[in-house]
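I opened the notebook to record a few local features of this structure, one entry at a time. The entries below follow the order in which I looked things up.

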Amino acid sequence: MASRVDALSENERKRNGFCRYFAKGDCREGNDCKFSHNPDDIPICRYYMEDRCHFGADCWFKHPCPEDDMFDMSPMAAIIGSSLICSLNPNMNLLLAAAIAGAPTPGQEEKDDSEDEKEKEEVSLEKVLEMWKTFQQSKDENNNDSKNSNDSEQCYDLEEEEEEQLQEFSQKLKGYSLKAWSPEDIFTLITTLTKVDVKEYDEYDFLTSKILGDALRMWKPDSHVVASLLMMIVEKCEADLTSLILTICNAPERVHSLEQHLACTVLAAQEKDPTTWKSEAIGTLLQKIEENGFNVDAIEFFHSVGKEIKDAEKLGQLVHDYLVATGEKDSFDCRCKTAECHCPVEADEGVAFIMFSGLQRKLEWSEEDKVKFFKKATDNLWKPELLTELGETFGVKEPLKISTPRTLNHHKKIQEVSDQEAKQITEANKANQNPQSRKCIGKGCPNQKKRDCDNNMCGKCCRNSGEACDAHEDAFDVYIPPSYESSHKFHKVEPSAHFENRRKFEEFISVKKPLRRLSFGSYFSIMDDDLTKVVDLWGDQLVVLELGSSDSGCGSHLTDTSVQHLASHCPNLRKLRLESATRVTDKAMIDIMTKCPLLEELNVSGNDKISGDLTDKTMKMLFEDDILPNLRQICVTDQSAIERSTVYRLRRRRPRLRIIAGETDSDSFAHSMVLSMMGMDYGDGLY
C-alpha cells in the first residue's frame with residue numbers, strides 16, 4: 001500500500017480530478033486516495049455563479065462566498081414559500097430547518113481523521129485492559145498521596161474524579177487503532193470502563209454517553225457492525241434500546257455516520273422484535289431525539305433506511321408514522337370525552353415538503369416507487385389542496401387518485417364503517433323521520449330535539465341536564481366551573497380535633513379519644529410516622545382529614561408509604577386534603593381512588609415553589625364511572641405533569657365535577673411585579 005501512495009504524486013492526483021467524498025468530508029481512503037485532496041482543486045460551481053444552484057451547502061463544487069449562503073434559499077424554500085417557512089412548527093427537526101437555510105449537514109461538519117489512521121499502532125484488547133489496570137493503579141496511588149498531604153476535612157468528588165480518569169485514558173487510547181476489533185471486544189472494553197445500566201435515559205449520565213461515543217469514534221466500524229454491538233448491549237446488559245440510542249446521541253463529540261448507524265440499528269431491532277419495533281415506534285424514537293435537541297438529520301436517516309430495505313412502501317409507512325409522531329393536536333377543537341384524545345393529528349406540512357424534496361434528491365426513484373412511497377407517506381394526513389402541492393413537489397401525477405385526502409366530520413376521528421354499521425345507521429336515519437322520534441326526551445318537554453344533539457334534547461333541556469354536548473356548546477364561551485363549594489356538613493362532623501403543634505398532638509394521641517374529623521395546622525410539619533399513628537388509631541372512624549399548607553410548605557415530607565397506608569385503612573373518608581404533598585405519586589393516589597369510594601372532596605396539591613409528582617395517570621382514572629362516583633370537587637394545583645388537555649376532557653366527561661388545576665402564584669413582591677408587567681393578576685395561572 002505504501003508503494004502505491006508513493007507512486008501517486010500531487011500532480012498525478014490533480015490530473016485525476018478532485019475527490020468528491022473529500023469535499024463532503026466522507027473520504028475513507030485518506031492518503032491512499034488516488035484523487036486530489038487539495039481544496040484549491042475543487043472547481044467553482046457554475047450554477048452557483050448563475051444564482052441557480054439547487055444543492056446549497058450540499059453541493060460538491062465550490063461556492064466562493066460561503067457567508068452569502070446564509071441567505072441563499074434552497075429549492076424547497078421556493079416551493080414552500082416564505083409564508084410557510086415563517087409558520088413552521090417549532091417541533092420541526094432543527095436539521096430540517098437548517099436544510100431550508102442551506103446550512104451544512106452533520107456529515108459535512110464532521111472532520112475525517114482517517115488520514116492519520118495508518119500512522120496509529122494497532123492494539124489488542126488484552127493490551128488495552130492491561131493499560132487500564134495500570135492506569136487505575138497509578139491514579140489510586142497519586143490520590144492516596146494527595147489525601148495524606150492535604151487537610152483531612154477535604155471533600156473529594158468521586159464521580160468527577162472518575163470522569164477525569166476516563167477522559168485522560170480516552171485521550172491516551174486515541175493514539176491507537178481499534179479498527180480490527182470485533183463487536184465482542186468493544187463490548188468488553190465498554191463494560192470494563194463503566195457499568196452500562198441504561199434502562200431509562202438520563203441526560204446527566206455524561207460518563208456513559210462519553211464512553212459509548214468515544215468507543216464508536218475510535219472504532220470506526222460499518223453501520224451493520226454497530227447495530228450488532230448495540231443489540232448485544234441490549235441483550236446482555238438488559239438495556240432499553242431507545243434509552244441507549246438517546247445516550248449515544250448525547251455524547252459530547254458526535255459519532256461519525258450517526259444516521260446510518262441508527263438506521264441499521266432500528267432495522268435490526270425490527271427484525272428481531274417486530275411487534276415492539278413497528279413503524280410507529282420508530283417514528284416515536286425520532287420524535288424523542290428531536291425533543292432532546294440532538295443533532296440528527298431525519299432526511300439522512302430515512303435515506304439510509306431506504307438504501308437498506310429497498311422497499312418504497314415500507315419506507316413510506318415509516319415516514320408517515322414519523323410525520324404523525326412529530327405532528328400536533330388542536331386541543332381547542334378537541335371534543336373528546338375519553339381518557340385519551342382521539343382527534344386526528346395535524347401533521348406538519350413544512351416538515352413533509354422538506355422531507356420529500358430531500359429524499360427525492362438522495363434516492364434513485366422509479367415512477368412506480370414514487371407512487372408507492374407517496375401513497376403510504378401521505379395517506380389520510382392532509383386536505384386535497386395541500387396534497388396536490390405535495391404531489392407536484394414530489395413529481396407525482398394526479399396525487400388525489402393515489403393518496404386518500406384527510407376529511408373531518410365534526411371533530412370526530414375518521415373510522416372505516418363496516419357494512420353492518422352502515423345498515424344500522426341507515427335504519428336509525430329512517431327511524432328519525434318519525435315525528436315522535438324527533439321529540440325532546442326531557443321530562444314533560446313538548447319541544448323537538450335539536451339536530452345533532454348528543455343527548456337528544458332541545459337546547460334548554462340539554463343545558464339544564466349538565467351533560468356535555470357539541471351541538472349546544474359555544475366554543476367561544478368562557479368556561480365557568482360548576483358552582484360547588486366545600487359543604488358545611490363537613491365542618492359539623494364531630495368529634496373533631498385540630499392540632500397546631502406537635503406537643504398537643506402527642507398529648508391527644510396518648511388519651512386515644514374517638515375522632516371523625518381531624519386537621520393539622522399550617523405550620524405543623526407532619527411526617528409519615530405521624531400519619532401512620534393517626535390511621536392506626538382512627539382509621540375506620542375518619543370522615544375528614546386535612547393536613548399540610550401550600551403557604552408554609554408543610555406536608556412535603558409525606559411519601560407514598562403513609563398515604564397508601566391511609567388508603568388501606570380509611571374506607572369511610574369523604575374529604576381528604578393533602579397540601580404541599582410534593583412527594584406523593586400516582587401510585588398512592590390510585591390507591592386512594594380505588595379504596596376510598598365515598599370521597600366527595602379531594603385536594604392533592606404542590607406549592608408555588610415545588611411542583612407535585614402527580615401526572616395524567618391519576619386524572620385518567622376518573623374517566624371510569626365506577627371510580628369515585630360521589631366526587632364533587634378535586635383540586636390538583638401545582639402539578640406540572642398534569643396536562644391541560646386531560647383536564648378539559650375530564651370536564652366534558654364529568655360536567656358536574658369541579659376541577660381546579662394550574663399553577664398558584666407566589667406571595668413575593670418580585671412575583672407580583674412580574675405579574676403586573678405581564679398584565680396578569682393573582683389566580684390567572686389556574687384553570
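**Entry 1: a threonine in a loop**

I began with threonine 559, which touches Asp528 and Arg583 when residues up to four places away in sequence are not counted. The model I am reading is a predicted one, and I keep that in mind for each entry. I placed threonine 559 in the loop between strand 5 (544-547) and helix 27 (560-569). Its relative accessible area is 15%, and because buried means under 20%, I noted threonine 559 as buried.

**Entry 2: aromatic pairs**

I then looked up the aromatic pairs, of which the structure holds 18. I took the pair of phenylalanine 356 and phenylalanine 394, whose ring centres lie 5.5 Å apart with the planes at 55°, so I wrote the pair down as tilted. The pair links distant parts of the chain, since phenylalanine 356 belongs to helix 19 (residues 349-362) and phenylalanine 394 to helix 21 (residues 384-394), 38 residues apart. I checked accessibility for both partners: phenylalanine 356 counts as buried at 0%, and phenylalanine 394 is buried with a relative accessible area of 0%.

I went on to phenylalanine 505 and phenylalanine 520, an aromatic pair that is also tilted, with 5.6 Å from centre to centre and 55° between the planes. Phenylalanine 505 lies in helix 25 (residues 502-511) and phenylalanine 520 in strand 4 (residues 517-520), so this pair ties together parts that are 15 residues apart in sequence. Phenylalanine 505 is buried at a relative accessible area of 0%, and phenylalanine 520 counts as buried at 3%. I also noted that both residues belong to one aromatic cluster, formed by Phe499, Phe505, Phe508, Phe520, Phe524 and Trp538.

**Entry 3: helix 17 against helix 18**

How do the axes of helix 17 and helix 18 cross? I found that the axes of helix 17 (residues 298-309) and helix 18 (residues 312-326) come within 10 Å and cross at roughly 155°. Because an angle over 145 degrees counts as roughly antiparallel, I described helix 17 as roughly antiparallel to helix 18. The crossing of the two helices is right-handed. I listed the residues that make the contact: Ala298, Phe302, Val305, Gly306 and Ile309 come from helix 17, while Lys314, Leu315, Leu318, Val319 and Tyr322 come from helix 18. Sorted by class, the contact has eight nonpolar residues, one polar and one charged.

**Entry 4: backbone geometry**

Most residues other than glycine have a negative phi, and most peptide bonds are trans, so I looked for exceptions to both. Glutamate 494 and proline 495 are joined by a cis peptide bond, with omega at about -5°, and proline 495 has its place in the loop between helix 24 (459-465) and strand 3 (496-499).

For phi, I noted serine 257, which is not a glycine and yet has a positive value near 55°. Serine 257 is found in the loop between helix 14 (241-249) and helix 15 (258-272), and at 21% relative accessibility it counts as partly exposed. I noted asparagine 380 as well, with a positive phi of about 60° although it is not a glycine. Asparagine 380 sits in the loop between helix 20 (367-378) and helix 21, and I recorded it as partly exposed, with a relative accessible area of 30%.

How values were computed
Residues are numbered from 1 along each chain as its sequence is written. This is a predicted model: local features need pLDDT of at least 70, side-chain atom pairs count only at pLDDT 80 or more; totals for chains, interfaces and linings use all residues. Side-chain values use heavy atoms; hydrogens and water are left out. Axes are lines fitted to C-alpha atoms, for helices over the stretch in contact, and angles run from 0 to 180 degrees between N-to-C directions. Helices (H or I, at least four residues) and strands (E, at least two) are DSSP runs, numbered from the N terminus. Angles under 35 degrees count as roughly parallel, over 145 as roughly antiparallel, 65 to 115 as roughly perpendicular and the rest as oblique. A crossing is left-handed if the near helix is turned anticlockwise from the far one by less than a right angle, and right-handed if clockwise. Contact means heavy atoms within 4.5 Å. Ala, Val, Leu, Ile, Met, Phe, Trp, Tyr, Cys and Pro count as nonpolar, Asp, Glu, Lys and Arg as charged, and the others, Gly among them, as polar. Rings of Phe, Tyr and Trp (its six-membered ring) pair if their centres lie within 6.5 Å; planes under 30 degrees apart count as stacked, over 60 as edge-to-face and the rest as tilted. Buried means under 20% relative accessible area, exposed over 50%, partly exposed in between (1.4 Å probe, protein chains only).
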